[in-house]
Amino acid sequence: MKITYHGHSCVQIEVNGKSLIIDPFISGNAAAVTKVEEIKTDAVLLTHAHMDHILDAAPIAKSNNAPVVAIVELAGYLESTGVQTIGMNIGGTVDLGFAKATMIHAFHTSSITLEDGQSIYGGTPAGFIIEAEGRTILHAGDTGLFGDLKMFGELYEIDLAILPIGGHFTMGPEHALIAAKWLGARQVLPVHYNTFPPIRQDAGAFVQALEEAGIRGSALGYGETLEL
Ligand code: NI
Ligand code: MN
């Protein structure tokens, strides 16, 4: 299984010759090294409706003839714009054939911003637990620290936790370290940092703090990959 970091919160997971991409925000990211047109995928998963998570979802879904998997309100909105979707909700599992995706809660907000600047309800924010090839990956989405991460640590053997560390809009590195411990994660990929000035963080220091806690830290650069 191969995990590629496309920047911000966007990761692509390749398994059994298929792939899913989570939270594509590439064309709006000045540091991106991938082009949206180059993305080949079989499903697009969205944690919530904020622009820095869904910006490139519709073009990627359309060009790949792939469904967008999202909470029902966000899925309904995208469906109305001509995107093929699979609407789901917190606690549910969708079997994509090559991987299973379970939607978990996150503590954040979620709204769809329309072209005229108005916001409409986007459902509640979420994270995903992805299971494939006997491996378990948790993508926390945008969230603050919350106690149920301990529960997910009890329920799942988490091989890789993908956690936001930027602070300001989500938890920062101190809380992400606690989240990693509560999840019992074997390995952590920090995301949602350095994209914008308010979320500047030292990923190297975070990785060092993880290593001191006996957890493998993998701060990938844009376009870099790890094998699981
Ligand atoms: Ni957000
Ligand atoms: Mn965000």
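In the predicted model, the nickel ion (ligand 1) is coordinated by His48 through NE2, His50 through ND1, His108 through NE2 and Asp142 through OD, at 2.2 to 2.3 Å. Along the chain, these donors follow the spacing H-x1-H-x57-H-x33-D. The arrangement around the nickel ion (ligand 1) is irregular because its four donor atoms subtend angles of 88 to 178°. For comparison, ideal angles are 109.5 degrees for four tetrahedral donors.

A manganese ion (ligand 2) lies 3.1 Å from the nickel ion (ligand 1), and Asp142 coordinates both ions. Asp142 is located in the loop between strand 12 (135-139) and helix 4 (148-155), whereas His108 is in the loop between strand 8 (100-105) and strand 9 (111-113); the pair therefore ties together parts that are 34 residues apart in sequence.

Helix packing was examined for helix 5 (residues 173-183) and helix 6 (residues 203-212), which pack at an angle of about 30° with their axes 10 Å apart. The crossing of helix 5 past helix 6 is right-handed. On the helix 5 side, Pro173, Ala176, Leu177 and Ala180 take part in the contact, meeting Phe206, Ala209 and Leu210 of helix 6. Classified by residue type, the contact of helix 5 with helix 6 comprises seven nonpolar residues, with no polar and no charged residues.

Conventions. Residues are numbered from 1 along each chain as its sequence is written. Chains are lettered from A and ligands numbered from 1 in the order in which they are written. This is a predicted model: local features need pLDDT of at least 70, side-chain atom pairs count only at pLDDT 80 or more; totals for chains, interfaces and linings use all residues. Side-chain values use heavy atoms; hydrogens and water are left out. Axes are lines fitted to C-alpha atoms, for helices over the stretch in contact, and angles run from 0 to 180 degrees between N-to-C directions. Helices (H or I, at least four residues) and strands (E, at least two) are DSSP runs, numbered from the N terminus. A crossing is left-handed if the near helix is turned anticlockwise from the far one by less than a right angle, and right-handed if clockwise. Contact means heavy atoms within 4.5 Å. Ala, Val, Leu, Ile, Met, Phe, Trp, Tyr, Cys and Pro count as nonpolar, Asp, Glu, Lys and Arg as charged, and the others, Gly among them, as polar. Donors are N, O and S atoms within 2.8 Å of the metal (3.2 Å for Na, K and Ca); water is not among the atoms, so sites may look incomplete. Four donors count as tetrahedral if all angles lie between 85 and 135 degrees; four count as square planar and six as octahedral if opposite donors are over 155 degrees apart and all others between 65 and 115; anything else is irregular.
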